[in-house]
Amino acid sequence: MSPATTPVLVVDQVELDLVTKSRAGDQSAFASLVNRYEGKIFRLAMNITQNREDAEDVLQESFLKAYEHLDQFQGNSKFYTWIVRIAVNQALMKLRKRKSDRSVSLDEQIDTGEDIVVREIAAWDPDPEQQLNQGELQTILAEAVDSLAPIYRTVFTLRDVDGLSTEETAEALDLSIPAVKSRLLRARLQLRDRLTKFFKRKGDDAFAYM
Amino acid sequence: MLTCKDFLEELTDYLDEKTDAEIREKLERHIAECPNCWVICDTTKRTLRIYKGMKEYDVPRDVHSRLMVALEKKMATTR
Ligand SMILES: [Zn+2]
């Protein structure tokens, strides 16, 4: 029997030390936490808000809030997961404000099953990404993520870009594990669809649409 | 027999190597016989690989400086 009934979070000792020191008032320790995660938080904020100004606000608000509420941080989860959770909430608030769209939510009901749509079925070139320069590739990848609904791009960014586990993603987003999985599947398939337009093998158009 | 829909529903776990051996074998048998699912599986796998290969995003310098200024201000007023 393995004790694998609860998800095992890898304890990051360096992170833990930095958090402990920050709580004791060590400001340079908190600055180190910022340096560690600001890139990921900014990218996440960019991916959700799709707006640089908003992303910068989210970045600042998240770290300021984290600093302010450091004593509320429970040591049983990663600091990173905790700050991601703060950042996601801030980013969604921005998104709602900008789009004045009340429907922007991570836990909206999604039908399972019928909406798994696969539009493009075409094999890709062997190394399609090698045929583009770095800038072109970055643009294609970013535009594909931007075209996803907020719930999908958030789950995808956390899970597949930042490398959080399904359990950590669920915790950061306050979603159930099945909810994370179903969003992840849709996100992955939609991205695959979008990239297929660029990467499909030439001459396969005839069977590309069904 | 596994349908294409069944296959798609297991795809995420399959790509994450979270399926048990029995399901895995069924999925692999399906891919071997179904060209569409083979293409979907292969191209989804490559989609993930391309995104994972993206380099870490550097925060623009000006954004970083403003964050540090805001933080110092905050630190000066609390604790
Ligand atoms: Zn199939």
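Predicted model: local features only at pLDDT ≥ 70, side-chain atom pairs only at ≥ 80, totals over all residues.
User: What makes the four protein atoms around the zinc ion its donors?

Analyst: Distance does. The cut-off is within 2.8 Å of the metal, and B:Cys4 (SG), B:His30 (NE2), B:Cys34 (SG) and B:Cys37 (SG) lie 2.1 to 2.4 Å from the zinc ion. So these atoms count as donors. Along the sequence, their residues follow the spacing C-x25-H-x3-C-x2-C.

User: Why is the site of the zinc ion called tetrahedral?

Analyst: Look at the angles. With four donors, every angle has to lie between 85 and 135 degrees. Among the 4 donor atoms here the angles are 99 to 116°, so the site gets the tetrahedral label.

User: How do you know whether B:His30 is buried or exposed?

Analyst: Buried means under 20% relative accessible area. B:His30 has 8%, so B:His30 is buried. B:Cys37 is buried as well, because its value is 2%.

User: What makes A:Arg52 and B:Asp62 a salt bridge?

Analyst: The rule wants a side-chain nitrogen of Lys or Arg within 4 Å of a carboxyl oxygen of Asp or Glu. Here N to O is 3.2 Å, so the pair passes. This pair crosses between chains, going from helix H3 (residues 52–68) of chain A to helix H4 of chain B.

User: Which residues are linked with them in a network?

Analyst: A:Arg52 and B:Asp62 are linked with A:Glu56 and B:Arg66 in a network of salt bridges. The side chains of A:Glu56 and B:Arg66 pair up at 2.5 Å, N to O, so they also meet the 4 Å rule. Between chain B and chain A the count is 6 salt bridges. On the side of chain B that touches chain A, H3(B) gives the most, with 11 residues.

User: How do you know that A:Arg159 and A:Asp160 form a salt bridge, and are they buried or exposed?

Analyst: Their closest N and O atoms are 3.7 Å apart, which is within 4 Å, so the pair counts. A:Arg159 has 8% relative accessibility and A:Asp160 has 1%. Both values are under 20%, so both residues are buried.

User: What about A:Arg192 and A:Asp193?

Analyst: They meet in a salt bridge at 3.0 Å, N to O. A:Arg192 is at 0% and A:Asp193 is at 2%, so each is buried under the 20% rule.

How values were computed:
Residues numbered from 1 in each chain as written. Chains lettered and ligands numbered in written order. Heavy atoms only, no water. Donors = N, O, S within 2.8 Å, 3.2 Å for Na, K, Ca; no water. Tetrahedral: all angles 85-135°; square planar, octahedral: opposite > 155°, others 65-115°. Buried < 20%, exposed > 50% of the residue type's maximum accessible area, 1.4 Å probe, protein only. Helix = DSSP H or I, 4+ residues; strand = E, 2+ residues; numbered from the N terminus.
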